[in-house]
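I set out to look up a few points in this structure and to note each one as I went. The entries follow in the order in which I made them.

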Amino acid sequence: MFSALPAIEVRDVVKSFGDARALDGVSVRIKENEFFTLLGPSGCGKTTLLRLIAGFDYPTSGEICLHGKDIAGMPPFARPVNTVFQNYALFPHMTVAQNIGFGLEMQGKPRSEIAARVDQMLALVRMETLRSRRTSQLSGGQQQRVALARALAPQPRVLLLDEPLSALDYKLRKEMQGELKRLQTETGITFIFVTHDQEEALTMSDRIAVMSGGRILQVGNPRDIYDNPQERFVADFIGEVNFLAGQVIGIDGRTARVRLAAGGEVVAGLPEGATPVGRATVIVRPEHAELRGPTEQADLRGRLEQVVYFGTDTHLHVRLADQSEFVLRQQNSPRGTADLQPGAEVAIAFKPGAARVLKD
Amino acid sequence: MSQAQEIAEEMARRSVRTRWWLSAPALAVVFLFAIAPLAVIVLYSFMAKGDYGDVKYWQFSLDGWFSVFFERGLFDDSIGIAQAHVSILWRSVKLALITTVVTLLIGFPTAYFIAIRPPSQRDFWLFLITIPFWTNLLIRTFAIQEVFRNEGVLNTVLMWSGLIREPLKIMFTDLGIFLGMAYVYLPLMVLPIYASLEKFDFRFAEAASDLYANNRNVLWRIIIPMTRPAIIAGCILVFIPALGAYVTPRLLGGGKNLMLGNLIELQFGQGRNWPLGAALSLTLTGVVMLALLVYVRAASKEGRSHG
Ligand SMILES: Nc1ncnc2c1ncn2[C@@H]1O[C@H](COP(=O)(O)OP(=O)(O)O)[C@@H](O)[C@H]1O
Ligand SMILES: [Mg+2]
């Protein structure tokens, strides 16, 4: 069923609740068979966007198309879209099997087909033995699986998942992440996955949309989002990052030469479609910088203030000339970094392509 | 067993033995207001009737209970089923059932309507629903008469608007009784259902509509099953008093068709047959307990289904 049309297209959608704008002009295209993640802090409008796509609410303005067809005014029960709710919303007066079969029953499928499909779904989420249980007798992880099976059973074109893993403990969450990814690959259904957990987004997604304050700030694949954040919020929200204030003194194609307030000059990559002049912010990820001896060639110099051991790596906090702090991360080896002492004069070198200019 | 242990256990035993005195006031109330009156009625139902009302004390007789179900022929000693009582009982049960159904049909949508108002407006609607409770039942029923009678408000308006030529005959008909009863008992149906719907998490309804349930299926498969205990409670709250109602049927029905409540009242008044009245009251209690049994079974089934 491949088609060039996006599974979901959201165009200039605004959603207001009274004076407050939960969504403030959102546009995004989600491709078929894609694992697409909406990532952002609590209250940024993720749930609101999902609710508009599911049809529980209507946009104040803008439009939403499903496979090219405008679905404004189409009630939720007419949309080939299913939802895994944040609180699961399993029906307490039905068994596990009845919950899973509910969608098919409402579609008017024959009994034998429903039974077969429920069995198939129970096997898919590995819940065969609990089919006659009441949902209130299930653990969080089991409820999550039932919610997933219930939403997948009617074979929707698009599956919406609203922070489905946030209620689970760490170990179970890791396990379910893998399982979700497997299900998405096996079923080929377009997943729109909501999370506020950046690590979850990076490990699971084909593409990520980073949201803040009712807007989508940047869309891209995990690598792109991590390596080339275009705005301060995106850079800060995903992973850790050092911000360096500076002045653009020259532009050469896709790179700019920036004089840093902390001393020295760097060549930094430019964000798409931006040609900054004057003041600019350069970012460098902690693991994209290396410590050098004070006499070696380097991009930055400063005084080592703190050494924090993290097991797999060590964080080095360096105070720069402009009094700003720069953190770099070194992977630990068996020999360790025992020779590093706070107070030492150090130099920092950036790995090639590590420095990037932000849009704002 | 050590001595300390023995002492501890003896103290525990003693405290259990003495503790029940603490509930003596509650037990006294239950005895005084629930068990004692019932016992009096049971006793009266087994005594011979006095010539001018009251009973002949300590003169055992089954006549009261006998005449609940049977009657003697006028001219001979033949015994037949008390047709009048059976039909009155049946009519009362029918009236109570219809009242329950009518209040449910009106009450559920009303409760639903209030529950989906913005929270700030709900109290206002609840206030409107409970207004009938503020007035004495008798006055309320006279007010309904004023609306329903041939020259009453309803007929005047309908005839003035040209919708009807002849006044609708509602007063002194079964329809009048049903409407009046439904009006009187509606709040008892609305309040428990509202309390349940107000707490209902409408995300379940969204989840169902997400799974292709249209509005009708959301109502019948999700909302009604999940509020069933409240619906049953409302039905019981309406059915029980409706079964024994006598003011409303009497005033709106014109006393043509006796209800169980009227029949009982009659025995203690003109009928001067207190044992029969007592036996009839107990029969009514029996019917109510039967209804409660149905409720308890339905509720416990609900409890089980929720795990
Ligand atoms: N029904 C509503 N009425 C009023 N405000 C709402 C409603 N739903 C969401 N909001 C507001 O919209 C914003 C976005 O909410 P939401 O989409 O739930 O965020 P997220 O899911 O990203 O945490 C929040 O500020 C929230 O308070
Ligand atoms: Mg949310």
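**Confidence**

I began with chain B of this predicted model and asked where its confidence is lowest and where it is highest. In chain B, helix 1 (residues 3–19) has the lowest confidence, with a mean of 75, whereas helix 9 (residues 203–210) has the highest, at 96. For chain B as a whole I noted a mean pLDDT of 86, with 96% of its residues at 70 or more. I also recorded the scores of the model, which are ipTM 0.85 and pTM 0.83.

**Chain B against chain A**

I next looked up how many residues each chain brings to the contact. Chain A gives 29 residues and chain B gives 21 residues. Between them the two chains bury about 2,200 Å², and 60% of that area is on carbon and sulfur atoms. On the chain B side, I found that B:Asp210, B:Leu211 and B:Tyr212 lose the most area to chain A; together they account for 34% of what that side buries.

**Ligand 1**

I then turned to ligand 1 and asked which residues are around it. I listed A:Phe17, A:Ala22, A:Pro41, A:Ser42, A:Gly43, A:Cys44, A:Gly45, A:Lys46, A:Thr47 and A:Thr48. By class, this shell holds five polar, four nonpolar and one charged residues. Helix 1 (residues 46–54) of chain A supplies the largest share of the shell, three residues.

A polar side-chain atom of A:Thr48 is 2.5 Å from an oxygen atom of ligand 1. Polar backbone atoms of A:Gly43 and A:Lys46 also face ligand oxygen, at 2.6 Å for A:Gly43 and at 2.9 Å for A:Lys46. Finally, I recorded that ligand 1 has 560 Å² of accessible area on its own, of which the protein covers 54%.

Terms used:
Residues numbered from 1 in each chain as written. Chains lettered and ligands numbered in written order. Predicted model: local features only at pLDDT ≥ 70, side-chain atom pairs only at ≥ 80, totals over all residues. Heavy atoms only, no water. Near = heavy atom within 4 Å. Polar contact = N/O pair within 3.5 Å; in protein donor to acceptor, adjacent residues only side chain to side chain. Areas by Shrake-Rupley, 256 points an atom, 1.4 Å probe, with all protein chains shown as cover. Helix = DSSP H or I, 4+ residues; strand = E, 2+ residues; numbered from the N terminus. Nonpolar A, V, L, I, M, F, W, Y, C, P; charged D, E, K, R; others polar. pLDDT = per-residue confidence, 0-100. Contact = heavy atoms within 4.5 Å. Buried area = accessible area lost by both parts, 1.4 Å probe.
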